[in-house]
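Trainee: Could you take me carefully through one part of this model, and then connect it to whatever else deserves attention?

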Amino acid sequence: MNRRRYDLHSHTHFSDGTVSPEALVAEARAAGVDVLALTDHDTTEAIDLAAAAAQAAGIQLVPGVEISSTWQGRTIHIVGLNVDLLHLPLQQGLAWLREIRLERAEVIDRRLQKAGIPDCYAAVRALAQGSIISRTHFARHLVQAGHARDMGQAFKRFLSSGGKGHAPTQWATLEQAVAWVRGAGGQSVIAHPARYKLGTGKLTALFENFREAGGDAVEVHSGSQRPEESQRIARLVNQLGLKASVGSDYHGPEQHWIGLGRLPALPEDCVPVWVDWDH
Ligand code: AMP
Ligand code: MN
Ligand code: MN
Ligand code: MN
């Protein structure tokens, strides 16, 4: 039997992706994905639309979310899978994070003004169309307005640490993020671990703290992650008794180097995060 194809990390325009929930599901189906998790940043607003589309398309939609958290001064993203959308502490936590996003957007806007780039806030609100406000929206505006050549340059010059519009942000704690997901009956997963640029010592400390808080799994395969990184992460995950997840972190066709569902099989010795799922 062919293995089921999982992609457990993806976005729509309800956060900083460019596709609708319906288009995301259609693309997943075309890519041969059997099980898709929709994990927008700090919101679950798109899930109902995606779930309806997935049912019609005959694929399984896992309700999820990607929670912004801060651990030892660094931003760490925690993916929640199979969360109960009606769990109040989760939704209250996400609403609080969206408030933090709004306040941060004003700070970024002020800093960009000082750097000689006016009127970003209104443009970014318009680009976000009522969804959460992400640095991605700022980057898109900066490119469109001619202040950066591409998204990478917009982040480097203006939005990443050291950039002119950078606003350090205190998100939820790792413990809060994990507790909201657990309370909502879901599993929590450390997203794209290679992206944090941590040495093995720090990465181990992160994984240990996460496990102690009740965390379940780590993304062993993530879109645009090098195979050596995946091997290093798989080893650590197995040593610490954590489960393994796979997710492309798809944001839309513009990032043509990251495809939905294009993920290698997990190493044989990993325990998949879906081991106890009933399907
Ligand atoms: P935020 O959560 O608002 O701080 O924005 C983080 C998002 O920005 C991530 O989820 C990515 O989608 C995007 N991002 C971060 N760095 C880059 C980059 N160098 N180029 C393009 N997108 C990026
Ligand atoms: Mn994003
Ligand atoms: Mn992320
Ligand atoms: Mn993501």
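Trainee: At what angle do helix α3 and helix α4 pack, and what distance lies between their axes?

Mentor: This is a predicted model, in which local features need pLDDT of at least 70 and side-chain atom pairs count only at pLDDT 80 or more, while totals for chains, interfaces and linings use all residues. Residues are numbered from 1 along each chain as its sequence is written, chains are lettered from A and ligands numbered from 1 in the order in which they are written, and side-chain values use heavy atoms, with hydrogens and water left out.

Helix α3 (residues 88-114) packs against helix α4 (residues 120-128) at an angle of about 140 degrees, and their axes are 9 Å apart. Axes here are lines fitted to C-alpha atoms over the stretch in contact, with angles from 0 to 180 degrees between N-to-C directions, and helices (H or I, at least four residues) and strands (E, at least two) are DSSP runs numbered from the N terminus. That angle makes α3 oblique to α4, the class left after roughly parallel (under 35 degrees), roughly antiparallel (over 145) and roughly perpendicular (65 to 115). From α3 the contact (heavy atoms within 4.5 Å) uses Leu-102, Ala-105, Glu-106, Asp-109 and Leu-112, and from α4 Cys-120, Tyr-121 and Arg-125. These residues divide into five nonpolar, no polar and three charged, where Ala, Val, Leu, Ile, Met, Phe, Trp, Tyr, Cys and Pro count as nonpolar, Asp, Glu, Lys and Arg as charged, and the others, Gly among them, as polar.

His-9, in the loop between β1 (6-7) and α1 (21-30), and Glu-66, in strand β3 (residues 60-71), are 57 residues apart, and both are buried, that is, under 20% relative accessible area, with exposed meaning over 50% and partly exposed in between (1.4 Å probe, protein chains only).

The manganese ion (ligand 2) lies 4.6 Å from the manganese ion (ligand 4), and its protein donors come from Asp-16, His-41 and His-251, at 2.2 to 2.8 Å. Along the chain these donor residues are spaced D-x24-H-x209-H. His-41 lies in the loop between β2 (35-38) and α2 (47-57) and His-251 in the segment after β8 (243-247), so the pair ties together parts 210 residues apart in sequence. His-41 is buried at a relative accessible area of 6%, and His-251 is buried at 13%.

Notes: Donors are N, O and S atoms within 2.8 Å of the metal (3.2 Å for Na, K and Ca); water is not among the atoms, so sites may look incomplete.
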